[in-house]
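Hi,

Here is the structure I promised you. Have a look at it first, and then read on for what turned up in it.

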Amino acid sequence: MRRTAFILGSGLLLLVAFWNSVTWHLQRFWGASGYFWQAQWEKLLSTFEGMEWMLYFIGAIQVPGLLFWSFNGFLLVVDTTGKPNFISRYRIQVGKNEPVDAEKLRRSIRTVLFNQYMISLPMVVLLYPVLKLWGNPCRRELPTFHWFLLELTVFTLIEEVLFYYSHRLLHHPTFYKKIHKKHHEWTAPIGVISFYAHPIEHVVSNTLPVMVGPILMGSHLSSITMWFSLALIITTISHCGYHLPFLPSPEFHDYHHLKFNQCYGVLGVLDHLHGTDTLFKQTKAYERHILLLGLTPLSESIPDPPKKME
């Protein structure tokens, strides 16, 4: 725990040290466009005056949900039809889900819909009165750019800590067979199964780690909408099964689904500190765990070693 605190603390100090230089140009853009967004926000407040809870519902639930299903709708077309063909070139576990098992997919989507609308939705609705205790999430002033960056950093660190330890706990034999094994039915994951989980896991490991940050920071609805949307897109990418150009690498979490006992976190910081990525670092998947800036699939430029003959 002391090593964990040291690494995370050092990261925060570096963030503060480079705060002004890294964000200077972005701050200029934000300053130029800030009045525009403030005006649009005030129009929304006027439209929903007296019904701010409805504005919260749209921003915290409908917008992130629409982005999640739009992205996953595209990925499902690829998974079920194999088209467009060039996307299949970026598949991580070659030969898996080609095509995806239709019945298994239908069962999984039913579970995902249940988790989203029978568990996540009520939790996010109940989040509103909790946020009201700290300050109005629909307050008139939008957060500054620097404050939003600070919030995003805090949200990310909190999610990393809570997700890593809750996820690792779910791999304990006491909980794995009854709870977490459901999620690992997909050894070659696809995007939509990011929410395919036992209800207890969905609450403890999927939803709460994302919600705690906005509660502690007393966040504005704009920050919550951005954070929830980003979290849903990132978890989809982590499970999608394709290492696509210009998107974050999913190799880390894909390897977790393949091997089960490695790569428990999101960022990989706590896996490094606890040594739960040692085997992963010895694989070609680790070499491919980078941002792909070209169009050549990393499975071709960094291929797996040939299998030994029996």
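Asn97 sits in the loop between H4 and H5. Although Asn97 is not a glycine, it has a positive phi of about 55°. Is Asn97 buried or exposed? Its relative accessibility is 16%, which is under the 20% cut-off, so Asn97 counts as buried. Bear in mind as you read that this is a predicted model.

The loop between H4 and helix H5 (102–134) also holds Pro99. The peptide bond leading from Glu98 into Pro99 is cis, with omega near -5°. There is another cis bond to look at, from Lys83 to Pro84, and there omega is near 0°. Pro84 belongs to the loop that runs between helix H3 (52–81) and helix H4 (85–88).

Phe260 is another non-glycine residue with a positive phi, of about 75°. You'll find Phe260 in the loop between helix H10 (251–259) and helix H11 (269–274). With 26% relative accessibility, Phe260 counts as partly exposed.

Now for the helix packing. Helix H6 (residues 145–170) packs against helix H8 (residues 199–217) at an angle of about 155°, and their axes are 8 Å apart. Angles over 145 degrees count as roughly antiparallel, so that is how H6 and H8 run relative to each other. The crossing of H6 past H8 is right-handed. On the H6 side, the residues in contact include Trp147, Phe155, Ile158, Leu162 and Phe163. H8 contributes, among others, Val204, Leu208, Pro209, Val212 and Met217. Sorted by class, the contact between H6 and H8 has 15 nonpolar, five polar and three charged residues.

Last, the inside of the protein. Which residues of the largest nonpolar core touch the most other members? They are Tyr56, Ala60, Leu221 and Phe228, out of 23 residues in that core. At least two residues of this core come from each of helix H2 (19–47), H3, H5, H8 and helix H9 (221–239). H5 gives the largest share, with six residues.

Cheers

Technical notes:
Residues are numbered from 1 along each chain as its sequence is written. This is a predicted model: local features need pLDDT of at least 70, side-chain atom pairs count only at pLDDT 80 or more; totals for chains, interfaces and linings use all residues. Side-chain values use heavy atoms; hydrogens and water are left out. Axes are lines fitted to C-alpha atoms, for helices over the stretch in contact, and angles run from 0 to 180 degrees between N-to-C directions. Helices (H or I, at least four residues) and strands (E, at least two) are DSSP runs, numbered from the N terminus. Angles under 35 degrees count as roughly parallel, over 145 as roughly antiparallel, 65 to 115 as roughly perpendicular and the rest as oblique. A crossing is left-handed if the near helix is turned anticlockwise from the far one by less than a right angle, and right-handed if clockwise. Contact means heavy atoms within 4.5 Å. Ala, Val, Leu, Ile, Met, Phe, Trp, Tyr, Cys and Pro count as nonpolar, Asp, Glu, Lys and Arg as charged, and the others, Gly among them, as polar. Buried means under 20% relative accessible area, exposed over 50%, partly exposed in between (1.4 Å probe, protein chains only). A nonpolar core is a set of buried Ala, Val, Leu, Ile, Met, Phe, Trp, Tyr and Cys residues joined through side-chain atoms within 4.5 Å.
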